[in-house]
Structures are given as structure tokens and as C-alpha cells.
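Have the sequence and the 3D view open as you read.

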Amino acid sequence: MSEHIVPVRIYITIFLVLLVGTALTVFAAFQDFSVTVGGHELPLNTIIALTIAVTKATFVVLYFMHVRYSSRLIAVIVTSALFWMAIMFALTFSDYWTRCWLARCS
Amino acid sequence: MSHAASAEPHGHPALQHHFENMDQQREAGTLGMWVFLVTEIMFFGGMFLAYTLYRSTYPDAFATASNHLDITLGAINTGVLILSSFTMAMSVYFTQVGKSRPQILCLILTIVLGLTFLGIKAFEYKAKYDDRLIPGQLIANRTFGPEVAQKGDESEHKLHMIGSATVHQVELFYWIYFAMTGMHAVHMIIGAGLLTFLLIFSIKGRFGPEYHAPVEVIGLYWHFVDIVWIFLFPLLYLLGRHLEHH
């Protein structure tokens, strides 16, 4: 049960990774990555920005918030948050995308 | 101090009678904080949902409004918050190894960085106020009414419309912007308050390798607030930059 003390060099590494991630996402934002596939524009800029953000958040959760060294129970709790978020997004968008709400269908 | 704790041979004064030992007590506290953070994730999740929905409906207006935000200040604030997360993590570390002075120093740094973030945020809000970008009639004498730049006008204080964006749709972005950054700032203020309590108790010598659950748990909260900003920064400040010169 005794707790794990995360070494300082890991904290420093994560800190630097987060800074590099921030610089990267600012740089990427000014490049136009949009591609058109079959008449639909793929929002690659958004996908890249979100990928970097999710990576940064994962590092914070695993190391700064110690989830990597915590019990399975904590990991289950964290995952449950993502699970319920996914339900909220999926159900809402299944509604908005299949009905003529807002300006989408006009 | 409870009698049950003092009756135990190695009982710590902070050990509550319904826990077996300090490890169990700390794990229970951490678990409780994580359950609270899940409710916080759902709370902010609702706003992220609104953002996603309206951005996918009015992409041009959201790009227009987003480009008006100050990317330099946004990026600096991201750095400030990441650094404050680092000093918070270091404060937890120094408590765990029982080094009181650097632990207190790290707490002070975390508070100062948190206040720096809020200061920069206030400065940004003031600039939006000056450009009449406070949505609706939140401020009676300053209703929403930004100026729209004509072709060739490079003024930073006017809106540079992209595609089919309308001023009304830009207003929707600013509702979401102020709701999300505002709620985030409220969480920062609460966090700074909690850190101040930690600082007072740390100076009193309350925490150490045996007992540091409050430092750990408030640290979790602080990191969570950092994560919210990690998502807010690209979504609010960066999403339209590549369209700026179209």
C-alpha cells in the first residue's frame, strides 16, 4: 500500500514535454493542413490540435496526478469520466446530425 | 486528536479513527477527490459540448472571433499554468520527502503563478471590453457591438470577417468564450484560496512524509484546472489561425 514517490527528473521531463507541446500546437495552428477528400474538407488542423492537447493532458494525468502509480480503482474512476463524456457527446450529436436543427439543413 | 489514534502505538495525530492507517486514509482521500473531479469533468464537458456543437454549425464565425483573441497572451498563460502545475507537483514531492522549506517555496510560487495567470486574463478581458466584445447586455452601457473591418483595414480592434460569418454568430462565440474562461478563472480563484490554506498549514509544520494528503489532493485539483486550460487554449485561441489570410 505504501506510496510511490515520483523522482524529480520525471517531473522535469513532463514539464519540458508540456512546454514543447504548447510550442508545437501554436506552430501547427498557423500551417494550413486542410485536405479535401471526396468533396468533404477534413479538419486536419483541429485533429492535430486536439491530438497534442490529449497527449499533454494524458502526461499530466499519468505523472503530475500520479495515476500511473495509483491503484486500479483510481484508473477506473478516471476512465468512467471519459466514458460518460463519450455518451453525452454521442447522444447529443446523433440528435443534432439527424434533425434539421440550427442552420445545418438550410 | 482522537483517542483511537493516540491509543495506537504508531498512530499519527492526523489519523482519523475510522481508518486503519495513514496509507488507507490517504488513498480514501485521493479516491474522493477523483470522484469530485469526474463531476467537474462532466461540468466542463457540457460547455465543451456546446462549443463543439456551435463551432461545427458556424465554423467561419468561430474562426473570425477566435482570430481576434490575443494568441501571445494565451500562449504565455499556457506556459504560466504549466509551470504552476510543475511547482505544485514539486511541492507534493518535497512534502513526501520531508523537506519543508522548498515545499513552502513551491507553494508560494504556485500561488504567484496562479495570480499571474488571472492578471493576464483580466488584461485580456479588458481588451475585449474596449472592443465592445462583451456579449449581449451583460454590461449595461457596453452592449455587444464590435466594429467590422473593411477590406484593406488592418486594425486589430475590428473584426476581420471570414467567409459567411456574421456579427451575431461572433457574439455566440463570445458567450461561450466568456462562460468557459470565466468558469475556469473561478476555479483558479478557488484553487488559489485552497493553496493559501495549504501554505498557512505548511508554515505551521502540519505536513510531512507521514501526512501530506491535503497537499496531494489540492494538487490534483490544481492539475485538473491546468488540464481544462490545455484544451481551452487550442480550441479558443488557435482554431482559425490558418484561415487568417484567406
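**Pockets, cavities and a bit of surface**

The second largest cavity takes up about 40 Å³. Its lining is made of Met22(B), Gln25(B), Arg26(B), Glu210(B), Tyr211(B), His212(B) and Ala213(B). H2(B) gives the largest share of that lining, three residues. By class, three of the lining residues are nonpolar, two polar and two charged; here Ala, Val, Leu, Ile, Met, Phe, Trp, Tyr, Cys and Pro count as nonpolar, Asp, Glu, Lys and Arg as charged, and the others, Gly among them, as polar.

A word on the ground rules: this is a predicted model, so local features need pLDDT of at least 70 and side-chain atom pairs count only at pLDDT 80 or more, while totals for chains, interfaces and linings use all residues. Residues are numbered from 1 along each chain as its sequence is written, chains are lettered from A and ligands numbered from 1 in the order in which they are written, and side-chain values use heavy atoms, with hydrogens and water left out.

What counts as a cavity or a pocket? On a 1 Å grid over the protein atoms alone, a cavity is a set of points where a 1.4 Å probe fits but cannot get out, a pocket is an open set with protein on both sides within 12 Å along at least five of seven lines, and lining residues have an atom within 4 Å of a point. Grid points are joined across faces, edges and corners, and a volume is the space filled by probe spheres set on the points. Helices (H or I, at least four residues) and strands (E, at least two) are DSSP runs, numbered from the N terminus.

How many cavities of 30 Å³ or more turn up in a search of the whole structure? There are three. The largest cavity holds about 120 Å³ of space. It is lined by 14 residues, and Asn45(A), Thr46(A), Ala49(A), Leu238(B) and Leu239(B) are the closest to its centre. Helix H1 (8-29) and H2 of chain A, along with H7 of chain B, each give two or more residues to this lining. H2(A) has the largest share, with five residues.

Now for the open spaces. The largest pocket has a volume of about 1,500 Å³. Of its 44 lining residues, Thr46(A), Leu50(A), Thr52(B), Arg55(B) and Leu235(B) lie nearest the centre. The lining splits into 31 nonpolar, nine polar and four charged residues.

The second largest pocket comes to about 920 Å³. Asn67(B), Ser155(B), Lys158(B), His160(B) and Glu244(B) are the closest to its centre, out of 33 lining residues. The largest share of that lining, five residues, is from H5(B). Its classes are ten nonpolar, twelve polar and eleven charged.

Finally, step outside. Lys151(B) sits in the loop between H5 and helix H6 (167-203) of chain B. Is Lys151(B) buried or exposed? With a relative accessible area of 87%, Lys151(B) is exposed (buried means under 20% relative accessible area, exposed over 50%, partly exposed in between, with a 1.4 Å probe and protein chains only). On chain A, Leu16(A) lies in helix H1 and is partly exposed, at 46% relative accessibility.
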